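Here's a quick walk through one predicted model. Have the sequence and the 3D view open as you read.

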Amino acid sequence: MAKGTKLSLASLGRPLYWVLLILMLIPFKSLWGVEVITAPTALFIGLLFAIVFGTPYPKFNKKLSKYLLQASVVGLGFGMNLQQSLKSGADGMLFTIISVVVVMIAGIWLGRVLKINNKATYLISSGTAICGGSAIAAVGGVMKANEKNMAVSLGVIFILNAIALFIFPPLGHLFNMSDAQFGTWAAIAIHDTSSVVGAGAAYSPEACELATLIKCTRALWIIPLAFFTMWYFRKDIKGGEGKAKISIPWFILLFVVAMVINTYTSDSLSFLKASLYPGIVEAAKQALVAVLFAIGASLSLKVIKEVGAKPLILAVLLWIIIGVSSLFVCLYTIE
């Protein structure tokens, strides 16, 4: 009977997945003037779906969340002024650099104390220090990490990402943070770009803009970290087959191009800023809602069980270190 129930739930989950995904792409706010499905709501629906029905299309879901997120980030660039954004984000750049280095060092040390696999430790530290799943995917390819290490590291990051999207906006209001303070804090303390943008959007448009800029700047650290990884794991790479590959986040360059286009569009083409660019931005925000649903739908009970206690403890400790330290820095150094 239990098996029959499982089969019926799985068969029901496949069409329901598509129905929910399509609903996430519909801009209900434009229809009724009320934001019906917010980013946190979409993530919660995805989580609930994964718990009840599992993940019917794991490969498609993974690719959808990856590429739709990248397209969303690029689209958001059409609503940002390059000069103003760089000026606003300058305060968070120095601490971004410091935090990346500190988290990597602390992560490697804590991993040894907890006696966690060296590669899993490095992957979790990279995901916490830079940009979650993107950093893990890039660094994992360089160090030739196996599927188990990759799955555990991504699982830990996805779990904490889901928590962050729910708790960060209320905490920001609790501490009475300004848009600049919250945007900087979210970009530094939340792992994945999707949750950073989602949390920023839940707080304010200004916080979302700044958080996106700083997070994309932070993601560029994937490149130097990949080269460092090649040196750090040089014995493993040398002993393996083939050459190490470095995955460069090209969508960030397109994000910058979009900001440049929006900033320097000629006055004679003002209709683009009045109609086209805002439309692209709204479409990007709606696509992000679908991204968060897809991410939530990937986090099944199986993934949570496979993570294990020690990797989760490591990730939480690193998250506390970066979350608390960046909170105090933002509160006392940014107006």
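Let's start with Phe 168: leaving aside residues up to four places away in sequence, Phe 168 touches Phe 182, Trp 185, Ala 186, Ala 189, Ile 190 and Trp 319. Phe 168, Phe 182 and Trp 185 turn up again among the residues with the most contacts inside the largest nonpolar core, along with Tyr 122 and Ile 130. That core has 103 residues. Its largest share comes from helix H15 (residues 270–298), which supplies 13 residues.

Now for a helix pair. Helix H6 (residues 118–129) packs with H17 at an angle of about 30°, and the two axes are 10 Å apart. An angle under 35 degrees counts as roughly parallel, so H6 is roughly parallel to H17. The crossing of H6 past H17 is right-handed. Here is who makes the contact:

| Helix | Residues in the contact |
|---|---|
| H6 | Thr 121, Ile 124, Ser 125, Thr 128 |
| H17 | Pro 311, Leu 314, Ala 315, Leu 318, Trp 319, Ile 322 |

Sorted by class, that contact between H6 and H17 has seven nonpolar residues, three polar ones and no charged ones.

One last stop is Val 316, which sits in helix H17 (residues 309–333). Val 316 and Val 156 are 160 residues apart along the chain, yet their C-alpha atoms are separated by 8.9 Å.

Conventions
Residues are numbered from 1 along each chain as its sequence is written. This is a predicted model: local features need pLDDT of at least 70, side-chain atom pairs count only at pLDDT 80 or more; totals for chains, interfaces and linings use all residues. Side-chain values use heavy atoms; hydrogens and water are left out. Helices (H or I, at least four residues) and strands (E, at least two) are DSSP runs, numbered from the N terminus. A nonpolar core is a set of buried Ala, Val, Leu, Ile, Met, Phe, Trp, Tyr and Cys residues joined through side-chain atoms within 4.5 Å. Buried means under 20% relative accessible area, exposed over 50%, partly exposed in between (1.4 Å probe, protein chains only). Contact means heavy atoms within 4.5 Å. Axes are lines fitted to C-alpha atoms, for helices over the stretch in contact, and angles run from 0 to 180 degrees between N-to-C directions. Angles under 35 degrees count as roughly parallel, over 145 as roughly antiparallel, 65 to 115 as roughly perpendicular and the rest as oblique. A crossing is left-handed if the near helix is turned anticlockwise from the far one by less than a right angle, and right-handed if clockwise. Ala, Val, Leu, Ile, Met, Phe, Trp, Tyr, Cys and Pro count as nonpolar, Asp, Glu, Lys and Arg as charged, and the others, Gly among them, as polar.
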